[in-house]
Number of protein chains: 2
Amino acid sequence: MQIGELSERAGVSHRTIHYYERLGLLKPAEREGAGYRYYDQTALKRLEKIAALKRLGLSLDEIAAVIDLYFEDASGIKGKEKVLEILQTQIAKADTQISELTAFRRDLEASIARMHKLIAEAQQQ
Amino acid sequence: MQIGELSERAGVSHRTIHYYERLGLLKPAEREGAGYRYYDQTALKRLEKIAALKRLGLSLDEIAAVIDLYFEDASGIKGKEKVLEILQTQIAKADTQISELTAFRRDLEASIARMHKLIAEAQQQ
DNA sequence: CATTAACCTGACGTTGGGTGTATATCTAGG
DNA sequence: CCTAGATATACACCCAACGTCAGGTTAATG
C-alpha cells in the first residue's frame with residue numbers, strides 16, 4: 001500500500017503521515033526502488049491508534065512515548081521501569097480526567113433539566 | 001482584586017486574562033479611575049471553570065459558547081432551545097470521551113500487568 | 001515626593017499540529 | 001516512448017493559545 005491509499009484509509013493527509021514519520025510516531029516505511037514509501041496493515045492500525053489517543057487528549061509527544069507498547073513485542077522494549085512509570089502517569093491522568101468528565105456530565109444534566117423546566121414554564125403562559 | 005492577584009489565584013498569567021477578555025471568555029472588568037481592571041470572586045470562578053472545560057478538551061471558542069450557562073441567570077438566557085441543543089451535544093461528547101477513556105484505562109492496566117510480569121521474570125534469571 | 005511595584009497597550013515571537021506550494025522524480029498506461 | 005498521476009523533499013505559511021518585550025501610566029509607601 002502506498003502513502004495515498006494509506007492516507008485515504010486512515011483519514012489523514014499524506015502530509016500528516018510525513019509529519020508523523022518525522023516525529024517518530026510512524027516507523028519509516030520501506031522504500032523500494034526510488035523513494036516511495038510502502039506500508040502494510042500495521043501502519044494503518046498505528047494511525048488509527050494515534051487518532052484514538054489524540055481524542056483522549058494526548059499530545060503527539062506523549063503518543064510517541066507510548067505507541068510502541070501497542071505494536072512492539074513487549075519483551076523487546078528497553079527500559080521497562082521507565083515504561084512502567086509512563087504507564088502509571090497515564091493511568092493517573094486518565095483517572096483524573098474520568099472523574100472530571102463525570103462531574104461535568106452531571107452538571108450538564110442538571111442544566112438540561114433546568115432548561116426543560118424553563119421551556120415548559122414558558123409554554124404554560 | 002486586581003489582575004495580579006486574580007492571575008496568581010487562578011494560576012494563569014495576566015496576559016492570558018487579557019487574551020480571554022478579548023475572546024469574550026471573561027467579561028471586561030470594571031475599570032475604576034485609570035485603566036486598572038478590578039475583579040470579584042465570580043471572575044475567579046469563571047477562570048476555574050474555563051480551566052476545567054479546557055481539560056475536557058474544549059477549545060476557547062467552544063468554551064466561549066457555553067460559559068455563560070454557568071454564570072448567567074438561566075431565565076435570562078436567549079434561545080433556550082438553542083442552549084438545550086448545545087448542552088445535549090456536549091453531553092454526548094462527554095459520554096463518548098468517558099467510554100474511550102475507560103477503555104484506554106483498561107488497556108493501560110493490562111500493559112502495566114504485563115510489564116510487572118516481564119520485570120519479575122527478568123529479575124528471576 | 002520620589003521611587004518602585006503593579007498595571008496598561010501594542011507589536012512581535014513561539015510552540016504544537018499541521019497545510020500549501022514549488023520543483024523534481026518516478027511509475028504506469030496508452 | 002511519452003505523458004499523466006502519484007510521490008519525494010524543502011521551505012513557507014496557518015491557526016490557537018499564549019509569552020516576551022518595549023514604552024508608557026498609575027498607585028502606594030518610605
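1. Chain A splits into domain 1, residues 1-76, and domain 2, residues 78-125; these bounds come from an automatic or database domain assignment. The C-alpha centres of domain 1 and domain 2 of chain A are 29 Å apart.

2. On the basis of the notes: this is a predicted model, in which local features need pLDDT of at least 70, side-chain atom pairs count only at pLDDT 80 or more, and totals for chains, interfaces and linings use all residues. Residues are numbered from 1 along each chain as its sequence is written, chains are lettered from A and ligands numbered from 1 in the order in which they are written, and side-chain values use heavy atoms, with hydrogens and water left out.

3. Between the domains of chain A, 8 residues of domain 1 are in contact with 8 residues of domain 2, where contact means heavy atoms within 4.5 Å. The area buried between domain 1 and domain 2 of chain A is about 570 Å², with 53% of it from carbon and sulfur atoms. Buried area here is the accessible area (1.4 Å probe) that two parts lose on being put together, summed over both.

4. What polar links run between the two domains of chain A? The count is 1 salt bridge, that is, a side-chain nitrogen of Lys or Arg within 4 Å of a carboxyl oxygen of Asp or Glu. The side chains of A:E62 and A:K93 form a salt bridge at 2.5 Å, N to O. There are also 2 residue pairs in polar contact between domain 1 and domain 2 of chain A, both residues at pLDDT 80 or more. A polar contact is a pair of N or O atoms within 3.5 Å; within protein, one must be able to donate a hydrogen and the other to accept it, and residues adjacent in sequence count only if both atoms are side-chain atoms.

5. On the domain 1 side of that contact in chain A, helix α4 (residues 60-66) gives the most, with 3 residues. Helices (H or I, at least four residues) are DSSP runs, numbered from the N terminus.

6. Chain A superposes on chain B by a rotation of 180° with 0.0 Å of shift along the axis, at an RMSD of 0.6 Å. That is the relation of a two-fold axis.

7. The contact between the chains takes 38 residues from chain A and 36 residues from chain B. The area buried between chain A and chain B is about 3700 Å², and carbon and sulfur atoms give 73% of it. In chain A, A:L101, A:F104 and A:M115 lose the most area to chain B, together 16% of what that side buries. Since 95% of the interface residues of chain A are also interface residues in chain B, the copies meet through the same surface.

8. Across the interface of chain A and chain B there are 6 salt bridges and 6 residue pairs in polar contact, both residues at pLDDT 80 or more. The largest share of the chain A side, 27 residues, comes from α6(A).

9. One salt bridge joins the side chains of B:D95 and A:R105, at 2.4 Å, N to O. In another, B:E100 meets A:R55, with the closest N and O atoms 3.1 Å apart. B:E100 lies in helix α6 (residues 80-124) of chain B and A:R55 in helix α3 of chain A, so this pair joins two chains. Over all chains, the whole structure holds 22 salt bridges.

Conventions: Copies are superposed by least squares on the C-alpha atoms of residues with pLDDT of at least 70 in both.
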